Amino acid sequence: MSFQRTTEQPSHYRHLEKMSVQEILSNINQEDKTVPQAVEQALPQVEKLVTVIADKMLAGGRLFYMGAGTSGRLGIVDASECPPTFGVPFGLVIGLIAGGDTAIRRAVEFAEDDKEQGWKDLLAHNITEKDVVVGIAASGTTPYVIGALNKCREEGIVTGSISCNAGSPVSAAADYPIEVVVGPEFVTGSTRMKSGTAQKLVLNMISTAVMIQLGRVEDNKMVNMQLTNDKLVDRGVRMLMGQLGLEDYEQAKELLLQAGSVKQAMEAYRK
């Protein structure tokens, strides 16, 4: 399949090493400003994927992200933040990266080139037709991701993708492709920059919108967040005071800690 990799096109800027620090920062910032506009163009694609993920998860399914390098790490970040933010179980949203956990901190050579390993990694989590698998690949050509998505399709598992090149192989392998075409990077080919930012923005949208659809947010509050440190306990107490009209901080704190979450505390108080 022939397509143009805009992520690999030469930077709009030359002789970066001759720029002052101010010029480097200003030019990076100018490039970054274009990313939200590119994401906006892809919103209809994002909506379709979010809708099918929410439907699958409401029916008992899970969400898998998978990628290599920066793309894989971004998926792991988004997955790991769902339990503390929305109070869902670990294992409901799962991030997989080519090369395994070692690759989270240190690149594993050629791991992304293995077109069979992605499916093996999914099998290790007992993937089923209830689940949704979203492949993340800035270039849109990562064999680890494409191989897994193709196998998912054979097995009747719904697939999505997030890439930054139009008409890429990963889009062809996905039922619900998202293409955020951000153009050439400030440093030619460095897709951890604009492409990574675009992927992070889309992942934020996917997980947040899905969790709202699952009822994990009320009004605009994280009522199911985990109370894992003093900051979050304090946030929960103040949230509870505002929602219930309580004036006594210690009373609200005791109610919160006994219940275990803002949502459960509100339900207990209203009984």
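Which residue forms a salt bridge with aspartate 219, and how far apart are the closest N and O atoms? That was my opening question for this notebook. I kept in mind that the model is predicted.

**Entry 1: aspartate 219**

I looked up the partner and found lysine 221, with the closest N and O atoms 3.9 Å apart. A salt bridge needs the side-chain nitrogen within 4 Å of a carboxyl oxygen, so this pair counts. Next I checked how open each residue is. Aspartate 219 has a relative accessible area of 68%, so it is exposed, the cut-off being over 50%. Lysine 221 is at 25% and counts as partly exposed.

**Entry 2: other salt bridges**

I noted that the structure holds 10 salt bridges. A reminder to myself: side chains of opposite charge can pair when their charged atoms come close.

One of the pairs is arginine 62 with aspartate 131, at 2.8 Å from N to O. This pair links distant parts of the chain, 69 residues apart. I found arginine 62 in the loop between helix H3 and strand E1, and aspartate 131 in the loop between helix H6 and strand E3. Both arginine 62 and aspartate 131 are buried.

Then I turned to aspartate 234 and arginine 238, whose side chains meet at 3.1 Å, N to O. They both sit in helix H10 (residues 230-244), four residues apart, which is about one turn of the helix. Aspartate 234 is partly exposed, with a relative accessible area of 26%. I also wrote down a network: Lys151, Glu154 and Glu155 are joined by salt bridges that share partners.

**Entry 3: strand E4**

Is strand E4 (residues 158-163) largely enclosed or open? I went through its residues and found six of the six buried, so the strand is largely enclosed by the rest of the structure.

**Entry 4: the neighbours of E4**

Which strands run parallel to E4? I found E3 (residues 132-136), joined to E4 by five bridges. In this pairing, valine 134 has glycine 160 as its bridge partner. To get from E3 to E4, the chain passes through helix H7 (residues 143-154), and this β-α-β crossover is right-handed.

I also found E5 (residues 176-179), joined to E4 by four bridges and running parallel to it. There, proline 177 stands opposite serine 161.

Definitions and conventions
Residues numbered from 1 in each chain as written. Predicted model: local features only at pLDDT ≥ 70, side-chain atom pairs only at ≥ 80, totals over all residues. Heavy atoms only, no water. Buried < 20%, exposed > 50% of the residue type's maximum accessible area, 1.4 Å probe, protein only. Helix = DSSP H or I, 4+ residues; strand = E, 2+ residues; numbered from the N terminus. Pairing = 2+ DSSP bridges. Right-handed = clockwise from strand over helix to strand, strands pointing away.
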